[in-house]
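Please look over the sequence and the model displayed below. The report that follows takes up helix packing, strand pairing and annotated regions in turn.

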Amino acid sequence: MALPVAEWQGRTTRLWAALDPALRERLSAASLHDAVRLGCDLLRTEEEAALVQLCHRAPTDKKPKAASWYREQGNQEFRQGRYQAALRLYSKAASHELPGSPEVSLCFANRSAALFHLGHFEVCLEDIARAESHGYPDRLLPKVLLRKAECLLCLGRLQDAQDTLGVLESKTALDGLMTTHLTRLKKLSQLKIKLGEKEKCPESAGEGRGGIQGKSEIWKENSFISGASSSLSLSFDAQRGRHLVASQDIVPGQSLVKEEAFVSVLCPWESFPLQDGDTAWDTRATNADLYCHRCLRQLQASVPCQGCSYAKYCSQDCADMAWQQYHKTECSLGALLLTLGVFCHVALRTVLLAGFAEVSRLVGWSHRGDKDLQNAEARCKPLSEAPDAGAGSRGVPGCDSNGRYQSSYQALFHLLPHTEQHSPEHKFLCTLSVVAVCKQLQAAGLEAAVLSQESPQQWSKPKICEKTSAELSPELKTMAEAMLRHMLQLQCNAQAITVMQELGPGDGAVVNKKPVRLATAFFPVLSLLNHSCCPNTSVSFSGTAATVRASQSIPSGQEVLHCYGPHQRRMRVAERQQLLSQYFFECHCWACLEELESGVKSVVSIRNSFCCPKCQAQMQGEEDTLRCSNEACAISASREHLSGRLQDLQQQIKKALDLLRVEKADQAIKMLLKCQMDAENFLSPEHWLMGEMEDHLAQVYATLGKWQEAARHLKKSIEIVEMHHGPSSVETGHELFKLAQILFNGFAVSEALSTIQRAEGILSVHFGPQSAQIQELQEMKACLSELPRNILQRT
């Protein structure tokens, strides 16, 4: 979660309520500097002890017993042919083994077997190399070398396969069974050699890939805004603050910003059960198991941190870089950071990446300008007193002395913390949290590392935390002040990095995906975009990189706008304004103004309304009793009753999907069709749940290979999605992508080609021509286009 666990929030709330009123008043009006100073005095020994107890619920230390248990669970899954589950469990086992223990090599060797069966041959070879480098027992080496040779054969690396077999023959006295394996592999090798030239013909390889490469994008970077297109300019005014404006006409799909996150922290809470039943240790695969903790790439075979069981990486390079940049400090604080939430973790990592010298410089500047920081004109001269400021800065906050706005710590530091607008209780919670982190840094002997005063050799083994209430050093108070600033900034400037994640096992002909929050990040340039409930941009992510594209034409001089979450097509204006209150502004975009001024009921409300069970007209009313809008019909119903029916219906749909997961598709269909009949009695035909049921039915029929039925239901779902989100929305694009898969598998060639073309048109605007979905659509199109002409004409 973004904020600390509920128990810590509750404890700080009670402590706040117990404070002397005069002290509460001082804290409410305190600057960040004074808040940290007072927080150091108020974080008492009992609060620290309570926090230590809470940390025991999120342990991140290594547990060899857990490693042994996970490895055995992985063996059971492997024996039953559930290689993906085995892979995750072997990774969990490896993360709990102590560095240098012989069991680590067993984890990597076992995992290589799962990878081999899943067809991940390159990664399998990496795990075999890890097993060998960690001292894999000689007596077990033959089977690992055989697996290595088979991988090399599958990858067409014939000479390497022969060399591996040669090593095996020279090192091992083979028994009869092993000789049989070698004979089989040698025969395969000889056959591959004979066919090698023909199979690896460059011309045929080139033809196989032709026609499915995406178009390259034209990109010219802005001279004054790093990562931004030259078609944008940076503006500033008191009402809108810093913002981006089109300096020329922009077309849909045009890339506007390409930015690497200054800092990102993986969100750990999304979990997907791998097996049923309670166990001694958690067997679920969470984001922490599925994605690299540094670059956010999807993991196949994670490289565990040598100091903790939590951090996992896609490669040793990523692990080493994370260690040098920040993890040498964070490693021993893992449980504390999980307890205090992602915002606190982002705040710490931000100052670690920036370095103490830069943090100290900017915190010192903020002290000199504290009285003016709430003044818009003063914020226009951010570093006028700094020694490196020059006349070229032109007064835009965050720009350097040359007037260039970079994706830098300086730009990030100038994002508004809204210190005066946060509730005193929230500011108090954040203050005690960052002070607690800094006290732990001091107790663990990590202060010198944080201040860059130790050599890298001294960082290799983090010291164990000790309980202490010692006064924070002036340097750590400076770090705490910067962390508090960043934690408050995150409420308005945190950017969720999202990823399309597969629902279910992901091995079906039609892949169903949904967007999930993967990480929380700071993007200084992306933060320049102001909100609109009807935005003209779309944001997508690849690892830690964000790309902003125009979702519609933007004429020169118009502001470039981003949606912070509340969207015109997804919720009513009252709901949008309520959600946007966390950003400390009232939205005055044209969609909000039009809806507020016209007094016309939102189309969102109409589409998601209840309908009369007698005449199907819309039920309306603001009170507890709803009445049919048809004057000739006198039907009325309790809002509570209809809401209860809706909740019951959603529970029934969930049960139907559970049936599908256990391969009871026929029962799932019957239950979904019954749900549809029930829904038609009290829900609008355009209700979002009606579309979801059509989508679920399409999914079940696709599972059964009934492609025509699946397509029929999915088309109905698309109609409702278009009504809710718009015909060119990303949601419509995803639904069309699924329809293209269904039509492709059902051999409906001409309809599949037209659907692919439409899906391409929408998804390329939102994700660009190089995205994975566009590449898959182009592969389908190339495959269909190569069919004989008589088949194309028939379909």
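## Helices α1 and α4

The crossing of α1 and α4 is right-handed, a crossing being right-handed if the near helix is turned clockwise from the far one by less than a right angle, and left-handed if anticlockwise. The contact draws on Glu7, Trp8, Arg11 and Leu15 of α1 and on Glu46, Glu47, Ala50, Leu51 and Leu54 of α4, where contact means heavy atoms within 4.5 Å. By class these residues divide into 5 nonpolar, no polar and 4 charged; Ala, Val, Leu, Ile, Met, Phe, Trp, Tyr, Cys and Pro count as nonpolar, Asp, Glu, Lys and Arg as charged, and the others, Gly among them, as polar. The axes of α1 (residues 6-18) and α4 (residues 45-55) come within 10 Å and cross at roughly 165°, which makes α1 roughly antiparallel to α4.

The model is predicted, so that local features need pLDDT of at least 70 and side-chain atom pairs count only at pLDDT 80 or more, whereas totals for chains, interfaces and linings use all residues. Residues are numbered from 1 along each chain as its sequence is written, and side-chain values use heavy atoms, with hydrogens and water left out. Helices (H or I, at least four residues) and strands (E, at least two) are DSSP runs numbered from the N terminus. Axes are lines fitted to C-alpha atoms, for helices over the stretch in contact, and angles run from 0 to 180 degrees between N-to-C directions; those under 35 degrees count as roughly parallel, over 145 as roughly antiparallel, 65 to 115 as roughly perpendicular and the rest as oblique.

## Two further helix pairs

Helix α7 (residues 102-117) and helix α8 (residues 121-133) have axes that come within 8 Å and cross at roughly 165°, and α7 is therefore roughly antiparallel to α8. The crossing of α7 and α8 is left-handed. On the α7 side the residues that meet α8 include Phe108, Arg111 and Leu115, and their counterparts in α8 include Phe121, Asp127 and Ile128. The contact of α7 with α8 has 9 nonpolar, 2 polar and 3 charged residues.

For helix α3 (residues 32-42) and helix α22 (residues 474-493), the axes come within 9 Å and cross at roughly 115°, which makes α3 roughly perpendicular to α22. This crossing of α3 and α22 is right-handed. Leu32, His33, Ala35, Val36 and Cys40 of α3 make the contact with Lys477, Ala480, Glu481, Leu484, Arg485 and Leu488 of α22, and these residues divide into 7 nonpolar, 1 polar and 3 charged.

An open sheet of 3 strands has the order β3-β13-β12, with antiparallel pairing, where two strands pair if DSSP finds at least two bridges between them. Its edge strands are β3 (255-260) and β12 (537-542), each of which pairs on one side only, and neighbouring strands of the sheet are turned by 15° against each other on average, direction ignored. Between β3 and β13 (residues 545-550), which run antiparallel, there are 5 bridges, and Glu259 has Ala546 in β13 as its bridge partner. Helix α31 (residues 749-767) packs on this sheet, touching β12 and β13, and its direction makes about 125° with that of β13.

Another open sheet of 3 strands has the order β15-β16-β17, again with antiparallel pairing. Here β15 (619-620) and β17 (636-638) stand at the edges with a single partner strand each, so one side of each is left without a neighbour in the sheet. Strands β15 and β16 (residues 625-628) pair over 2 bridges, and Met619 has Cys628 as its bridge partner in β16. Helix α26 (residues 639-661) packs on the sheet, touching β16 and β17, and its direction makes about 70° with that of β17.

## Annotated regions

An unreviewed UniProt entry lists residues 639-666 as "coiled-coil region"; UniProt positions are given in the numbering used here, feature names are shortened, and annotations may be inferred rather than shown by experiment. In the model, residues 639-666 are 89% helix and 0% strand, with the end C-alpha atoms 34 Å apart. The UniProt annotation "domain: MYND-type", also from an unreviewed entry, covers residues 292-331, a span that is 38% helix and 10% strand and whose end C-alpha atoms lie 15 Å apart.
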